[in-house]
Amino acid sequence: MMPPTRLIKHFIVCLCCLSASNLAQAEPLRIFVPSFFGPKPISQHVRTTIYFGLSQAFRSKDMPEKGAWILYGIDELNEQSHDAAITASSWPSVRADLAVWGLVRRYDDGVVVQLFLTITPLIRERRVRPEYWTVIVPDANGKTFEIARDIPGLYYEFEPLTLKKRVVIEYEKPEGIPLYGSRYGGEIRGYLGEIIYFLEIYDDALLLQSNGVEGWVRLPKLSSQRSEAVSFVKGMVRLLRGDWRGCLEDFAAVLSNANIPQNLRIDALLYTGLAKEKTGESGRQEFERAYQINRLDKSTVSYLLMSRIADIVRARRRNDEKRIDVSIHKFREAVKSTRVLFAENDKWFQKIESFLK
Amino acid sequence: MENQRTVLNLMRGSIISDDGLTYIVYSCFYLGKLRAYLPHEVITVELPIKSTEFANTKDSHTLVILYALAMDARSLGYPKDRIALFLKAAENKISDLERRRGSLSGDLAGLKRAIRQATTELLGDQ
């Protein structure tokens, strides 16, 4: 049983991930979940549900994950923006690598939830950055050509969710989220307050203590739509920690959802391709799929160009002359057709152009 | 708008109901010279006010603004890579709208054609 963790009013307290990670060099990441904007108490209960959803994703007894601290913020951000999320995440008491924040609004006959993910500049301060991709090409003279790229996106907006009517009715009640007598429901023993002690976390329920009452929280499905948010956030954490197998699983889950914004689909493909490249496989198929979706995406083109170079390296290692020729030809074509997406004086692209010289 | 060079476009809207139960919002965007590839200077976006239409309402308005920004960058002589950033985002919004609604119709269909034309010109397509 995990030791209880107390949430203290006006302070941020962590749901801490214990035990050593199997990724010895990558530090645990901190995910900040501030109070959501919107009418009370419904926005608070939605936020708590999302927070619990993330907690379950990272700390479920059924499938324990390692490497994420999830911070519960009592206050809202100063404004509804990624900049405000970065500011709040940089407070000394927070120091969060990611922020998951949201906005709940009434719209005509229903309630809509907008969820956002902000990846903060703190990720660049980590000692180890597994997500940073470098391709190194040795030449016959003992010199090397190196080209590198950081992750394509820092700010994400997920598909808006319309809350189920049943959830709206329950979450509009001032009492809030009920604490049940058993993991599967039953009598209501009390309701969740602001101070929460986590006792056990499972995939389908959490055992908590709040307002002097111990009971189970069964999280409802907020919407009839399947949200990609928790899978995407989990995939990002695993990517940033170099857990490539886990990253592939989570982004596969994201991509299996037909109802996600296109820019998320593109980046999920890029992250999938990146994870493959990091394990020695070619990610070119994923990068090409992303390119087919939107030919104007500069990050996609960057990854595609790097993967073509990586293909040349792999072909050279195998002494596959035919493959080398094909890869070089495709690389030249790709450079020519995508030049327009980069500034004239873009140093990264100039380096790419110098590769075959 | 010609006297206000920092104004990207003008927008006005109406909310109308025939039966007092269902409401439709009509948003009219006046783009002026930024219409570029569009047949008219005004685009009208028409959507029901329902929680299930929230994402479409937001994205259709965003799409018009992204097009206006791309055409503004073009008219100011910005380099192509800058224009590409707006058109890239616009292409993503077209896809999101079509995913939810099926094919676009009315002025939004015309806007899609205009964006595709701008993209073709930018890429020097092939």
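This is a predicted model: local features need pLDDT of at least 70, side-chain atom pairs count only at pLDDT 80 or more; totals for chains, interfaces and linings use all residues.
Modeller: Residues are numbered from 1 along each chain as its sequence is written, chains are lettered from A and ligands numbered from 1 in the order in which they are written, and side-chain values use heavy atoms, with hydrogens and water left out.

Biologist: Is Thr49(A) buried or exposed?

Modeller: Thr49(A) sits in helix H1 of chain A, residues 42–59 (a helix is a DSSP run of H or I with at least four residues, numbered from the N terminus). Among the residues it touches are Tyr171(A), Ile177(A) and Leu219(A), leaving aside residues up to four places away in sequence (contact means heavy atoms within 4.5 Å). Buried means under 20% relative accessible area, exposed over 50%, and partly exposed in between, with a 1.4 Å probe and protein chains only. At 6% relative accessibility, Thr49(A) therefore counts as buried.

Biologist: How many salt bridges are there over all chains?

Modeller: A salt bridge is a side-chain nitrogen of Lys or Arg within 4 Å of a carboxyl oxygen of Asp or Glu. One of them joins Arg238(A) and Asp243(A), 3.3 Å from N to O, and both of these residues are buried. Searching the whole structure gives a total of 31.

Biologist: How many residues apart in sequence are Glu121(B) and Arg74(B)?

Modeller: These two form a salt bridge, with their closest N and O atoms 3.4 Å apart. Glu121(B) lies in helix H3 (residues 106–123) of chain B and Arg74(B) in helix H1 (residues 54–75) of chain B, so the bridge ties together parts whose separation in sequence is 47 residues.

Biologist: Which residue forms a salt bridge with Glu91(B)?

Modeller: Glu91(B) is buried, with a relative accessible area of 10%. The closest N and O atoms are 2.9 Å apart, and the partner is Arg116(B).

Biologist: What is the angle between H5(A) and H6(A)?

Modeller: Two packed helices are described by the angle between their axes and the distance between the axes. Axes are lines fitted to C-alpha atoms, for helices over the stretch in contact, and angles run from 0 to 180 degrees between N-to-C directions. For H5 (residues 244–255) and H6 (residues 262–278) of chain A, the axes are 9 Å apart and the angle is about 155°.

Biologist: Which direction does that give H5(A) relative to H6(A), roughly parallel or roughly antiparallel?

Modeller: Angles under 35 degrees count as roughly parallel, over 145 as roughly antiparallel, 65 to 115 as roughly perpendicular and the rest as oblique. The angle makes H5(A) and H6(A) roughly antiparallel.

Biologist: Is the crossing of H7(A) and H8(A) left-handed or right-handed?

Modeller: H7 (residues 284–293) and H8 (residues 298–317) of chain A pack at about 150°, with axes 9 Å apart. That makes H7(A) roughly antiparallel to H8(A). A crossing is left-handed if the near helix is turned anticlockwise from the far one by less than a right angle, and right-handed if clockwise. Here the crossing is left-handed.

Note on methods. Helices (H or I, at least four residues) and strands (E, at least two) are DSSP runs, numbered from the N terminus.
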